[in-house]
Amino acid sequence: MGTPRELVRYEQRFRRAGLPLFIEDFSPTHDIFNRAAPLLTLVFLAEMLGATQLEWRWWKNILAAAVGLAILVGAFGVLNWLRGRPFWSLPTRFGLPELAVFVMLPALFPLYPDYRWPQFFGIAVGNLLLVGAVYVVVGYGLIATTYWSLRRIVGELANSLTSLIRALPLLLVFSLVLFINTEMWQVFAGMPVAFIVLSVLAFTLLSTLFLMVRLPKELDAIEADVKSDPPLRRVQRLNLSVNLVIRQWVQALVVSTGVGLFFVAFGMIGINAKIYEAWGVQPGSWSAELPLLGHKLLLTASLVKVAIGIANFTGLYYSIALLTDSSYREEFLDNVSAELRSLFTARADYLELRRRLLPE
């Protein structure tokens, strides 16, 4: 027959898998912002400091902070009263009125008495971005998906290293040539750290865009393979897409990190100070010599930058190969399909149980 407790267990399983939108009647008002209420409340109370100013005397700042706190608490009390709840009760739902108060009310404090407009816009935009981040992170299960990926990091590491070993013959064709190329060292060694970080972000974005373009077709194939019934709604497909992107990130991160460490080790063994001088490359902002079997291994900032650059190319190649090369594609998507088959079966049982327990 089934019980409400079983229904809850199904929903908990979807959340742990990073697919909260598989839950029927999943609502931002009740299921997203309510879960983030402690964080939002902490930020909301901290922003009462916007009512104070450094040039005021201490007792005046304490008074201003107290007035600000009273206004903040009173605003939610009025919303409670308008919704028919006790004035001092905690909000049981976060709809547009509550979110509007959270975003705008603390931003008004810097306007008194000298109209500090930059602080006003800074607080308002910051709160708005925080609301958006909470919606994305909680609503699309990013925390659960990331936690799931980290729990399976050993398995993902094994899969990724297996794929990396298969790819090594092709990777070594251009990676080793690039690594011992003078121009490559001159480019990356002279690049500021901020540009290195931007290049990592750019390559990550590029691989993600490629994956997002290819995912709709792949999701159709997975749904057909596991015979999802009823078909996923648009938001559920988006939730699943985000889930798959994070899984791909984990695998690509493992592969690119392994390649980066390999080239750091290879560079310490094969690239010495004389080669740096011959290539006209500076060691960078720091360097260290590590003795090994009578040979001095040279670890430098430039070597780390070049290794990261090579790892970037490798991560991009691997991300594209996951969905274009037949061997990588089967390894990645077959593993995903096996897990999704179980989840889709659970979803069908969950929907049937809901129809029995919660008839319309």
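**Close-up views of a predicted model**

View 1. Helix α11 (residues 234–270) and helix α13 (residues 301–324) pack at an angle of about 145°, with their axes 8 Å apart. Among the residues that meet are Q248, V255 and F263 in α11 and L303, I310 and Y318 in α13, where contact means heavy atoms within 4.5 Å. By class, this contact has 12 nonpolar, 8 polar and no charged residues, with Gly counted among the polar ones. The model is predicted, so local features need pLDDT of at least 70 and side-chain atom pairs count only at pLDDT 80 or more, while totals for chains, interfaces and linings use all residues. Residues are numbered from 1 along each chain as its sequence is written, and side-chain values use heavy atoms, with hydrogens and water left out.

**View 2. F14 and Y350 form an edge-to-face aromatic pair, 5.4 Å centre to centre and with 85° between the planes.** Rings pair if their centres lie within 6.5 Å, and planes under 30 degrees apart count as stacked, over 60 as edge-to-face and the rest as tilted. F14 lies in helix α1 (residues 4–16) and Y350 in helix α14 (residues 326–357), 336 residues apart. Both F14 and Y350 are buried, that is, under 20% relative accessible area with a 1.4 Å probe.

**View 3. F262 and F266 are stacked, because their ring centres are 6.2 Å apart and their planes are at 15°.** Ring pairs link F262 and F266 into a cluster that includes W185 and Y276.

Note on methods. Axes are lines fitted to C-alpha atoms, for helices over the stretch in contact, and angles run from 0 to 180 degrees between N-to-C directions. Helices (H or I, at least four residues) and strands (E, at least two) are DSSP runs, numbered from the N terminus. Rings of Phe, Tyr and Trp (its six-membered ring) pair if their centres lie within 6.5 Å; planes under 30 degrees apart count as stacked, over 60 as edge-to-face and the rest as tilted. Buried means under 20% relative accessible area, exposed over 50%, partly exposed in between (1.4 Å probe, protein chains only).
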